[in-house]
Amino acid sequence: MEIYDLRCDKPPRERTVAALGFFDGVHLGHRLLLSYTATSAARLGFVPAVYTFSDDIATFKKTAVRLSEPHVKMRLFGEAGIERVYIADFSSVAGLAPEAFVRRELMERCGCMLAVCGYNFRFGAGAVGTPAMLQALMAEGGGDAAVVAPYLFRGEAVSSTRIRRAIERGDMETASAMLGYDFFIEFPVLEGKKLGRTIGIPTINQSFTAGFVVPRHGVYDCDCVVDGVRYPGVANVGVRPTVEDTNRVNCETHIIGYSGWLYGRRIRVSFRHFMRPEIRFSDLNALKAQIESDIREVVREHEKQ
């Protein structure tokens, strides 16, 4: 898949069908747009593309938190059949009039002949551009636009906001149903205090990056992928009150059945089910007993699959 940063790259001049949006999480609603884009591009003989924005949350949405890291988002685009991604700097295009955005950004820079957007897409200075305006402006330039209906879950449109709220309350089943996959992190493994090894339960430690959604603090039934192999896991999200006095949120995961060193590697930990809240234990022996109980419960659940 080709990736062009419009702040510094000059893309080739080819006709494209381009899906428009930030696509945080690349959830089922997003995938409707991407599927329509890929199918339409194949029919027209154009390049299936995405026009999106740099992952600068401070610029894009001051209060937003991400569901996916940039490299994960790119991978999901590719899996959906997208062959080219244009990344624009949001601050540089936010003040453009809708007419300039369509003419300069979409048609001239990206060769877009068919723009694909969601029902609630907005663009241009002051977010005055609507899907109907996009259709009219694309038609003026000899192109077209398609507006994709929302993907409904429990009678409401799937959205990144709904998914974030589900994750923050620990409702991973609902989040997964709207994402189309289990919510996961893929942060580098950090060297910790190795306390898990002292009690016979080694763990990997991953810190949440700034601006990334943090699940409800507690213990989760997880899937972990190491070198393409899937393992069950028990993950604790929180501040580890039994062994530390800190406010730094950490994800500490015991990968059941795996032995080895993973420092510095990006390991995927997928959250399946919230098991219990994070609590402070009286000592390490009590903590170990509870973790061993959690492990047995996870093993039982994974054996049912």
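This is a predicted model: local features need pLDDT of at least 70, side-chain atom pairs count only at pLDDT 80 or more; totals for chains, interfaces and linings use all residues.

Student: What makes β9 and β14 a pair of strands?
Tutor: Pairing asks for at least two bridges. Two bridges join β9 to β14 (residues 268–277), so the pair qualifies, and the two strands run antiparallel. In β14, S270 is the bridge partner of F184.

Student: Which sheet do they belong to?
Tutor: An open sheet of six strands, in the order β9-β14-β11-β12-β13-β10, with antiparallel pairing. Its edge strands are β9 (184–185) and β10 (204–207), each of which pairs on one side only.

Student: Why are β1 and β6 said to stand at the edges?
Tutor: They are part of another open sheet of six strands, ordered β1-β4-β3-β2-β5-β6 with parallel pairing. β1 (2–5) and β6 (144–148) each have a single partner strand, so one side of each has no neighbour in the sheet. From one strand to the next, the twist averages 20 degrees.

Student: How do you know that β2 and β5 pair?
Tutor: The requirement is at least two bridges, and β2 (residues 16–20) and β5 have four, in the parallel sense, so they count as paired. A18 has A115 as its bridge partner in β5. Helix α6 packs on this sheet, where α6 touches β2, β5 and β6, and its direction makes about 175 degrees with that of β5.

Student: Which residues touch the most other members of the largest nonpolar core?
Tutor: F77, F183, I185 and F271, out of 54 residues in that core. Apart from it lies another core, of 27 residues, including A18 and F101.

Student: What is F271 in contact with, beyond its neighbours within four places in sequence?
Tutor: Among its contacts are M172, S176, F183, I185, Y220 and V237.

Student: What lines the second largest pocket?
Tutor: There are 14 lining residues, and L76, E79, Y181, F184 and R268 lie nearest the centre. The elements giving two or more residues to that lining are α3 (70–79), β11 and β14, with the largest share, three residues, coming from α3. The space in this pocket is about 210 Å³.

Methods. Residues are numbered from 1 along each chain as its sequence is written. Side-chain values use heavy atoms; hydrogens and water are left out. A nonpolar core is a set of buried Ala, Val, Leu, Ile, Met, Phe, Trp, Tyr and Cys residues joined through side-chain atoms within 4.5 Å. Buried means under 20% relative accessible area, exposed over 50%, partly exposed in between (1.4 Å probe, protein chains only). Contact means heavy atoms within 4.5 Å. On a 1 Å grid over the protein atoms alone, a cavity is a set of points where a 1.4 Å probe fits but cannot get out, and a pocket is an open set with protein on both sides within 12 Å along at least five of seven lines; lining residues have an atom within 4 Å of a point. Grid points are joined across faces, edges and corners, and a volume is the space filled by probe spheres set on the points. Axes are lines fitted to C-alpha atoms, for helices over the stretch in contact, and angles run from 0 to 180 degrees between N-to-C directions.
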